[in-house]
Amino acid sequence: MKENIFVTSPLLPPLEEFIPYLEQIWQNKYLTNGGAFHQQLEKALAEYLGVEHLCLFANGTLALLTALQALRITGEVITTPYSFVATSHSLLWNGLTPVFADIDPKTCNIDPDKIEQLITPATSAILPVHCYGLPCDVERIQTIADAWGLKVIYDAAHAFGVTLDNRSVLNFGDLSILSFHATKVFNTFEGGAIICPDAKMKQRIDYLKNFGFAGETTVVAPGINAKMNEVQAAFGLVQLQHIDKALADREKIYHRYCEALRDVPGISCFSAPENVEWNHAYFPVVVEEDFTLTRDQLYDVLKEQNIYSRRYFYPLISSFSMYRHLPSAQPERLPQAQAVAQKILCLPIFPDLGEEDLDRVVSIIRQYSVGPANQLLAADITGAVA
Ligand SMILES: Cc1ncc(COP(=O)(O)O)c(C=O)c1O
């Protein structure tokens with residue numbers, strides 16, 4: 001029986017590096033509420049990422065919920081159906097209406113050409129996602145937002161460490177949120193952050209994530225409990241020491257995959273534009289019609305061999321029962337997202353994915369390939385998986 005290979009595996013620094021931090025927490029008995037490690041991690045991450053201000057959160061979903069509150073977003077918000085459900089759920093939890101715009105199939109991000117036609121007097125914001133860590137067309141989105149007086153909140157859950165023209169992609173829009181979930185490039189088991197441009201906004205967000213407390217007896221807003229605790233923050237500080245290597249390892253794996261799949265007809269890889277430093281948070285491939293298997297057949301074949309790829313993002317958010325009644329969620333209005341959701345498979349990628357394991361994934365894909373990559377007959381293959 002072959003060993004399992006999952007789509008990701010969490011980055012875990014050596015345990016002995018973490019123990020002294022735990023000892024300090026035990027000694028200080030300061031477990032949460034903006035302790036020393038929390039403060040250190042906020043500073044260290046802002047510096048590492050190249051952003052002005054950063055507010056830590058217990059997870060990315062709470063960061064999204066709070067970002068919408070912080071900007072007092074109302075009514076309708078234009079967003080993408082091609083994301084993890086938390087993106088749209090954050091709107092429903094705030095009593096807002098998601099309005100889905102179709103995506104650009106080349107980037108899987110919201111298509112700026114589809115935004116303006118969805119704006120109504122009720123629209124107050126745009127909530128795009130830097131899908132797989134590849135940046136949205138931030139310039140065009142900002143131009144539209146400025147023309148119509150809309151706020152922009154980026155769901156940058158996948159975009160830790162990504163730069164655009166040597167500048168953090170997290171600096172675009174009014175606010176961006178990150179996720180530090182176990183599956184993400186940088187994790188604190190669970191965790192997240194809001195990136196904000198000024199100290200005043202940081203203060204407001206810090207109040208909101210702590211029940212709205214502005215002092216011992218003063219509550220200035222109906223806040224929530226979204227604080228990151230000291231164990232998570234300490235783990236983040238240790239994790240940060242290893243992140244450069246983890247990103248470099250991901251890049252190596254990315255190139256090895258691309259090279260190995262280059263001549264496989266019907267399988268295409270994503271690449272970042274030249275002005276983008278990508279974090280290779282995911283390794284999505286497009287399974288085109290000229291591959292011998294459909295995307296779902298390939299997913300099944302890999303699974304039979306204990307390789308657990310993921311169909312991010314299928315089904316589309318707009319197809320879930322709490323969204324599908326919306327006019328903007330109708331499949332015929334989202335043709336690109338519909339098509340892309342049927343074609344993309346995310347293959348395993350994580351810093352310690354060994355070459356042998358990667359080659360195992362690739363060799364299965366190549367077995368089902370025709371043309372220069374393999375001389376198997378399509379008819380035989382289709383028979384084998386039918
Ligand atoms: C695009 C996107 N947005 C939001 C989230 C929610 O983040 P969290 O799991 O930290 O709450 C995730 C992933 O988990 C995500 O992939």
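**Reading a predicted chain: terms and values**

Tutor: P315 lies in the loop between strand 18 and helix 10. The model is predicted, so local features need pLDDT of at least 70 and side-chain atom pairs count only at pLDDT 80 or more, whereas totals for chains, interfaces and linings use all residues. Residues are numbered from 1 along each chain as its sequence is written, and side-chain values use heavy atoms, with hydrogens and water left out.

Student: What makes a stretch of chain a helix or a strand?

Tutor: Both are DSSP runs, numbered from the N terminus: a helix is H or I over at least four residues, and a strand is E over at least two. The protein chain has 12 helices and 19 strands. Strand 18 covers 307–308 and helix 10 covers 335–341.

Student: Which kind of peptide bond leads from Y314 to P315?

Tutor: That bond is cis, with omega near -5°. The bond from Y312 to F313 is also cis, its omega being near 5°.

Student: Why is Q239 called buried?

Tutor: Buried means under 20% relative accessible area, exposed over 50%, and partly exposed in between (1.4 Å probe, protein chains only). Q239 has a relative accessible area of 0%, and is therefore buried. Q239 belongs to helix 7, residues 230–240.

Student: Which residues are in contact with Q239, leaving aside its neighbours within four places in sequence?

Tutor: They are L11, P13, V185, F186 and N187; contact means heavy atoms within 4.5 Å.

Student: Why is T107 placed in the partly exposed class?

Tutor: T107 has a relative accessible area of 27%, so it belongs to that class. T107 is found in the loop between strand 5 (103–104) and strand 6 (109–110).

Student: How do you know that the size of the protein chain agrees with a compact globule?

Tutor: The radius of gyration is taken over C-alpha atoms, and the globule rule is 2.2 Å times the number of residues to the power 0.38. For 386 residues a compact globule would have a value near 21 Å; the protein chain has 22 Å, and therefore agrees. Its C-alpha trace spans about 75 × 55 × 40 Å along the principal axes. Buried residues make up 52% of the 386 residues.

Student: What sets the bounds of the domains?

Tutor: The bounds come from an automatic or database domain assignment. Domain 1 is 15–240 and domain 2 is 243–385. The contact between these domains takes 41 residues from domain 1 and 34 residues from domain 2. Their centres, taken over C-alpha atoms, are separated by 27 Å.

Student: What share of contacts between residues at least 6 apart in sequence joins residues at least 24 apart?

Tutor: In the protein chain that share is 70%.
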